[in-house]
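Dear colleague,

Here is the structure for you to look over. My notes on it follow below.

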Amino acid sequence: PTTIYLKDYTPFGYLVDSVHLTFDLADHATRVTSRIAFRPNPETTDRTFFLHGEELTLVRAVIDGIEVTPSITDKGLTVDVPDAPFIWESVVEIDPGNNTALEGLYMSNGMYCTQCEAEGFRKITYYPDRPDVMSTFTVRINGNLPVLLSNGNPSGKGDGWAEWTDPWPKPAYLFALVAGDLIAHPDRFTTMSGREVELNLWVRPGDEGKCAFGMEALKKSMKWDEDVYGREYDLDVFNIVAVDDFNMGAMENKGLNIFNSSAVLASPETSTDVNFERIEAIIAHEYFHNWTGNRITCRDWFQLCLKEGLTVFRDAQFTSDMRSAPVKRIHDAIDLRARQFPEDNGPLSHPVRPESFQEINNFYTATVYEKGAEVIGMLKRLVGDEAYSKALDLYFDRHDGQACTIEDWIKVFEDTTDRDLSQFKRWYSQSGTPRVSVTEDWTDGTLTLTLSQRSEPTPGQSRKLPHVIPVAVGLLGPNGDEVHATQVLELTEAEQSFQFTGLAAKPVASILRDFSAPVILEHDPSNTERAFLLAHDTDPFNRWQAGRSLAQDTLLRMIRQDATPDADYLDGILAVLRDGDLDPAYRALMLGLPTHSELAAELFDAGDTPDPMAIWTAVETLRQATAQHLQDLLPRLHSETLIDTPFSPNAEQAGKRSLGGAALSLTSRLDGGSKAAEEYAAADNMTLQLTALSCLLRTGKGQDELSAFYDQWQHDRLVMDKWFGLQVSMAAPAATVDTARALTEHTDFNWKNPNRFRAVMGALAMNHAGFHRADGAGYALLADWLIRLDPVNPQTTARMCSAFQIWKRYDADRQDLIRAQLNRILETPNLSRDTTEMVSRILG
Ligand code: B3K
Ligand code: ZN
């Protein structure tokens, strides 16, 4: 496979003035006719005319009315063209009915739909399929289906056809087409300048009842982007379509967002609070792309974080505004540590702006997305809110309609603030999670904090230079009062000291407040100080972090030295949980523990070899001890979280359900699941139903409920995904692999559907002790299925290979077992480029 490098970027030799496409839809022989106006690009002298095209059957190619014979490879075509503006026309035939890769034009339950990002348009017609080639599109769809959609505004329709015109120049990756028997959930939105926009959420018959929440989320997003960023919607219609077979969450095609049905369909009976919050965030994310991604797009795919990091940052701001900012920040830190840190500190580590790739789809990663968003958060913290807003206004003004780079992005901040951001830019080019260590010195009323930073070598980067790291710090006095308000220290050197003078007594330092940088903090306060912060910190993030550190500390000592659960942790948590003034959602988070995988990483970093069963045992023991310690409080938590108003997925109710669920889970460790069985029987929403069922399964009970759940929900594919996933996540270590294997033999295990495949295989990989079973059966089962899925759907296969990225943490036997599976995958004949790249990188 060929490797593409950022440094090799050159512009395309031609500009595209307009694109006209005609689709004659047929399941196995769709004809795509294109008429494209090209002209030489005055910015370059390279006149190679290469059009991407894959899996296309060329029927005819015409230049300025004269038929031509291009030379064709499996990547595209070249042909001689005039050194002046010309019209290229082609007719190709494609087979959407056999497109299982879900990229290009494919079919899902009888509906046609497309996925073109990153490089799927080349499977639809011959085209310069690169994001810096932008054009207006007119699309005519001929097909005997009731609903025919494409980007932009409707510009004509009749019996069996519809035409759409998108006035905004766009790259081909934002092209979309949908055709099928769909039902609209309609609404309207009036923009800030008074433009009337018709909104539709299109779903399969039967899903009409699951649209209302998504539609509300869309309207809130449209309003929020006007209020906070001054960004108005720019077409007469905005369509969202739900599709069952989709490789990821959703796609921001101009005016026609396409969603995985799991990322948009919601109802109280079928969706959990976590689903609701995720749906709201994804709808916002895709909508926000209209400006950050579509109006201003990326010059090349190396710049992916330009749109993704910024759009994730914007959707996080939105969620913070709609719900609770501290809770959102804690969720994001948990998520970053669970998904991005392992990536950044393992064989798949890459910069936020990668410098090379073989398959770009492999770089839609937590690093590009979530670390990319964290980098923007740091920038905002460093320049301040006002400068951030000004820089963004300048960005939209200066670059509207362009395909941009990270350099363009940084420049708007430099021009706004007069700051030199060249050092800051290292966040885009250096991979790996920086570690910041802190030492304290207390002398004569002065606290000196010495901060030092270091980054371990990562693939391709042996030496690292210091980053600019905003470290938010506050100080608490002995009685718990804040004696120094939050201040952002700018750590720019390898080591730097900061002084706080005039203090009456030795304070307790609260460091990296609000998780002000995506780093690993190495600060070892005593457990007494941690307990003090857990009781008193005025920064909600660090208060939560103090509890988390206590939990981690006690777990590590339980794993290493067979210690008993620490009293500082148990008492501290009890006090916080008792505090009825604290937000229930926040209290529920306080009961969370580091994941098994995080504990494994901690042990590995400290030079120990993690034993998955020892980790499992320690966590179970701590849970049991927590349940006992909180025993008297549990009934109160239960009654405090009762909801006597009609169901709403809002943050307030969700928080109560989340605390109630956490309490139920502890209760079921004490009563053998009898309360959970009662709650299951009485549940009238999916959050409660699923929580109660998981409590039962973890107690080794719940088989009757499990089959009742199946009978109740077998008609609902999204709920059935939960049914599949839950059994694997809740299985005891020794039973996990067998449970997963048995589920793959279930008649409803439709493995070609990415949601169903991930429900089982994703849950297997996430069940730490189960997956890492000593005999390697977990590794073998996952590898079997990845090998089977690869020829069908390379993207989903490649993505799931990352379950193996942590292999070097474990003992030699497990390493041998995983290496053998990785080699077995790699040796599979005709393995996709996607999976080949992933497995090779993981093997290192
Ligand atoms: N931009 C799309 C992701 C496309 C993934 C291609 N493999 C969704 C999003 O980030 O909003
Ligand atoms: Zn995105």
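**The sheet with β25**

Strand β25 (residues 435-443) pairs with β31 in the parallel sense, over three bridges; two strands count as paired if DSSP finds at least two bridges between them. Strands (E, at least two residues) and helices (H or I, at least four) are DSSP runs numbered from the N terminus. This is a predicted model, in which local features need pLDDT of at least 70 and side-chain atom pairs count only at pLDDT 80 or more, while totals for chains, interfaces and linings use all residues. Residues are numbered from 1 along each chain as its sequence is written, and chains are lettered from A and ligands numbered from 1 in the order in which they are written.

Opposite Ile520 in β31 stands Arg435. The open sheet has four strands in the order β29-β26-β25-β31, with mixed pairing. Its edge strands, β29 (495-500) and β31 (520-522), each pair on one side only.

**Ligand 1**

The shell around ligand 1 (residues whose C-beta atom, placed from the backbone, lies within 6 Å of it) includes Glu117, Met248, His285, His289, Glu308 and Tyr364. Two or more residues of this shell come from each of β20 (250-251) and α2 (273-288).

**Helix α21**

In helix α21 (residues 736-744), the buried residues are Thr736, Val737, Thr739, Ala740 and Leu743; buried means that 20 or more other C-beta atoms, placed from the backbone, lie within 10 Å of the residue's own. Seen down the axis of α21, these residues fall within an arc of 165°, so they line one face of the helix; the arc is that of the directions from the helix axis to the C-beta atoms.

Regards

Note on methods
A residue is buried if 20 or more other C-beta atoms lie within 10 Å of its own, exposed if 12 or fewer, and partly exposed in between; C-beta atoms are placed from the backbone.
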